[in-house]
Every structure is written in C-alpha cells, then in structure tokens.
Amino acid sequence: MIVPAKSSLAEDTAATAPNIVLMLSDDMGWAEPGFNGGNPELTPHIDSLASQGVRLTQFYAHSVCAPTRGALLSGRYAFRNWMDWRSEDFGKPSYLAKLNLTLAHNERGEPTRRIHALDSAERTIAEALSEVGYFTAITGKWHCGEWLPEHLPMGQGFQHQYGHYAWGIDYNHYTIPHNAPARFAVYDWHRNQQPLYEQGYTTDLIANEVVRLLSDRSDQPDKPFFIYVPFNAVHGPIEEVPRYTDQYPARQAALKCLDDAVGRIVGAVDQHGFTDNTLVIFANDNGGLTEEMNKPYRGTKNTTFEGGVRVPCVMRYPPKIKADTTNDGMMHVVDLLPTFATLAGASLEQTLPLDGFNMLPTIFDGQPSPRTEIIFEVEGSVRLPTIRSGDFKLMGEMLFNIAEDPSETTDVAAKHPQIVKQLTDKLAAAAKLRPPMGEKTLLMDPPLPYVYGQQENADAPQWLKDIVDRIRATQPQSWPEGTTPWPQAPQGATILYTGDGR
C-alpha cells in the first residue's frame, strides 16, 4: 500500500526528529482533572503537565474506546473502516441486531463472536513513523483486535508491545471479565505478543514499562521514538485499588494512581534529558460514564453529546509550545497522525484518504485551525448520525448551536431547517463512503479462549490456565433470562451506565 521510505530519508530524519510520548486515559470525564474543575488533589501531575504546555479546549474524540483508538491509529474517521463497531460488539445480540445480524455459531453449534478489528490494510501512525526511522512501542490497551496476528499491535507497525488487547482488564489479575457472548474471564496480559505473568497493578506496570523503555532509549539518542501509552485507567472493572482508598472512593483512588503514573512517565522523560526534544501529550479516549464527570457538558460515553466526545488534552513541547496556555482550535483525534507524521518528516501520501489535518501551525504558531467540521457517526453506526460543522452540531434530528449553547440544552432544529437539511445531506454523503462490511464469516474459535491471541491460546501455558480456571470458578455460573454482564446497545441518544461501566 505504501512505498517504503528510503533508508537515507530515515537516517536524515532520525538525526533531527523529536520524540513523541502519547498518553491516553480511558473513560476519564472532562471535569475530572483539576485543570478542568476537578479535585486538584487527584491529578497534581496531570495538572502540572498542563501548566507546562497548552490545554486544548476543543479537542474531540469518538464517543467510545475502540472507535477513538482506530481513528487515532489510522488518521481516518471510525466509520471509514467499521471501527465505529468494537470487536466485542460482534458477540452481543443487542448490538448485532442493529446490523440485522444474529449471534454466530461455530460448526459445533456453540455461540461465538464474529472476528472484527482495525483492517490490516490501514496505514497506522506506527507504520508511518517507522518509515522514517522511529522506534515504535505501545504500552497499555490496544482494543483494535484481539485474535488474529495481523490485527495485533506488532502486525500494525509497533516494534514493541506490552499490555492487553481487549476492552477492559482486571487491574490485578489481568483478565477480561467476559468474552461476549461467553460470560467468563479470559487472560489478557502480554509482552511482545507472548503471555506474561507478573504481579502488580496494571496502571503501575504500564508506567514501569514506559520508564524502562525511556531508560533504554537514552542509550540510543540518535534514534527517535514514539511511545503510545493507552492506560486502561480509569475504565472498569475497578474493584481493588492498591492505595488511596483510605482517603477516596475506589474510582477516585484509581484516578490518583493514574496521575502517579503520568508523573513517573513525564519525570522519566525529563530525567533522561528528553524534555526539549519530546512532544508529550496527555489526552482521553471518550467522555466519562456520568454527566457529573463531564460537566458542564451534556451526555456520557457512548453518546455524541459534547460530554461523550469533547475530551481533555494537553501538549508539552518547550521549543514550540508556550507554557500555561490554552488553544480553542477545533481538533479531532484523527488529526494526530498527520500532525505527528509532519513533525517527524514522514510522508502523508497513502492509498487510503486521511480525514486528519496537520495541526502544527495551530498548536505551535496559534494559527486558526484548518478544521471546521467533524463527522462523529454516520448511518450504520450503533449511535446517532452526528456531525459538527462550524458552530452547529446535528445529532440525529436534533440541532445545537455549540458556540452559544455548549451544554446542548436547547434543540434549535425548528429554527434552522436549512442548516438541518444541509448537515443531513452531508451525513448522507459521508455514509456512502463507508465500505461494505463483508460477511463477517471468520469466527473466534474456541468461543471462550484461555488467553487472547489465536497463536498464544493454541499454546497456552499451564500456569495461565490455572489462573483463569480459578477466576472463572468465582464468577456467576448462570444469569437470569435477558440479563448480561455487559451493557446493552444504546437506544436513541443516550445510554445509562451502572457501576463501573464494564
């Protein structure tokens, strides 16, 4: 798909290109960091990073985990490659029904999941940076495919992998609570795509790995690096938090542990002399589980109200970004690939069209954002078709003036029928760009693996099986008719999360 960069280009770029460390929290609400009005006791390190750089006030993501991650990696809206659907959605009847699909069964008659992931034909941000000599690593949550080798991080451009593949891991035992439609745990902790046995809290372990990688990179100062750090914190399940629970509820304690990890990573960047040659970013993947977490914005994760899609984001790069500043330019997570590629000297020429813009002039020089429009969802998604264009956002049949009413309290569709028609037509045109989904005939087999990764499961070690068997024995062995351990698909504009949203 992409013509490889010549080695001379890689060598020339490597000598001058800055490093990039991108940290991504999971399910943190807009209002949770102190710099956005949260309790500053919980996020001192994140707030410190914000004070050292720029706070982006109109940075948007998609409204749920996997779509944001797919868009970040590819520079393309999630609907372009069906990443507006998560892999686990293809094992959940209420989600499948929205595609007029039924639950698949293997040749033995067992209900199982249809395989879904970020298409391996996509050119990822890791591949783009590798072409110009970067060392690329992911430490944390992948959520862009958990089964076939070509869908795992090292099949998508990352030279080093650490962490988990699927949606939400137990922080202390490294299992995903269920493998919809199967309702029991699966092991999901790996280094370089081999199952890994460790002890510790995943937030701390992820930070440990990044600190170790940064120490290793200090011995190779002429080779730039891209380290992508997608934490599982503060996504559920949140049951055992190793510290701070004597002072705070469990979720707040987990947030403070995340802040510790951010502090350790930024501290390691500085300790090893990378400060002035490293773009450090902290952002979040989607809104929090409740509107209280997302104040002053309406909505939650898995909705396209502002509370579901407007997320905290800060960037630090001392040579180019003035400390303790804000930037109101409209940006979307798809903009990261062209921005990083331009900063690194990588090509933006590729077969598949990018939706992202190079935001360096906006971030570094304060120029107006080239982005005036964001397509969040189109027909065929589980959520309402939604587009923001200029000041207005069309969400299903509702229209909001985001500039005047950022909390989306008043539907103004009746006052602006022409704008409604114009944006409806744009969404319809965009929906036609969605490729065919395909038959989805590849199935996860066995339906309940011991460990994610088809090859890893085929040779799962006995220690791993023993761990998983012990955990499964403690889980509910049956569920009342019509209930599941996962939330049902959104209906209309909203979704109600209970507990920790697992």
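Biologist: How many salt bridges does a search of the whole structure find?
Modeller: The search finds 29 salt bridges, a salt bridge being a side-chain nitrogen of Lys or Arg within 4 Å of a carboxyl oxygen of Asp or Glu. This is a predicted model, in which local features need pLDDT of at least 70 and side-chain atom pairs count only at pLDDT 80 or more, while totals for chains, interfaces and linings use all residues. Residues are numbered from 1 along each chain as its sequence is written, and side-chain values use heavy atoms, with hydrogens and water left out.

Biologist: Which residue does Lys301 meet in a salt bridge?
Modeller: Its partner is Asp27, with an N to O distance of 3.0 Å. The pair links distant parts of the chain, 274 residues apart: Lys301 is in the loop between strand S13 (278-284) and helix H8 (306-309), and Asp27 is in the loop between strand S1 (19-25) and helix H2 (44-51). Helices (H or I, at least four residues) and strands (E, at least two) are DSSP runs, numbered from the N terminus.

Biologist: Are Lys301 and Asp27 buried or exposed?
Modeller: Both are buried. Buried means under 20% relative accessible area, exposed over 50%, and partly exposed in between (1.4 Å probe, protein chains only).

Biologist: What about Arg243 and Asp204?
Modeller: Their side chains form a salt bridge at 2.8 Å, N to O. Arg243 lies in the loop between strand S12 (225-230) and helix H7 (250-271) and Asp204 in helix H6 (residues 202-217), so the pair ties together parts that are 39 residues apart in sequence. Arg243 is partly exposed, at 26% relative accessible area, whereas Asp204 is buried, at 18%.

Biologist: Which residues are linked in a network?
Modeller: Salt bridges link Asp26, Arg69, Lys141 and Asp285 in a network.

Biologist: Changing topic, what is the volume of the largest pocket?
Modeller: The volume is about 390 Å³. On a 1 Å grid over the protein atoms alone, a pocket is an open set of points where a 1.4 Å probe fits, with protein on both sides within 12 Å along at least five of seven lines; lining residues have an atom within 4 Å of a point. Grid points are joined across faces, edges and corners, and a volume is the space filled by probe spheres set on the points.

Biologist: Which lining residues are closest to its centre?
Modeller: Of the 22 residues that line the largest pocket, Asn81, Ala117, Asp119, Met437 and Lys440 are the closest to its centre.
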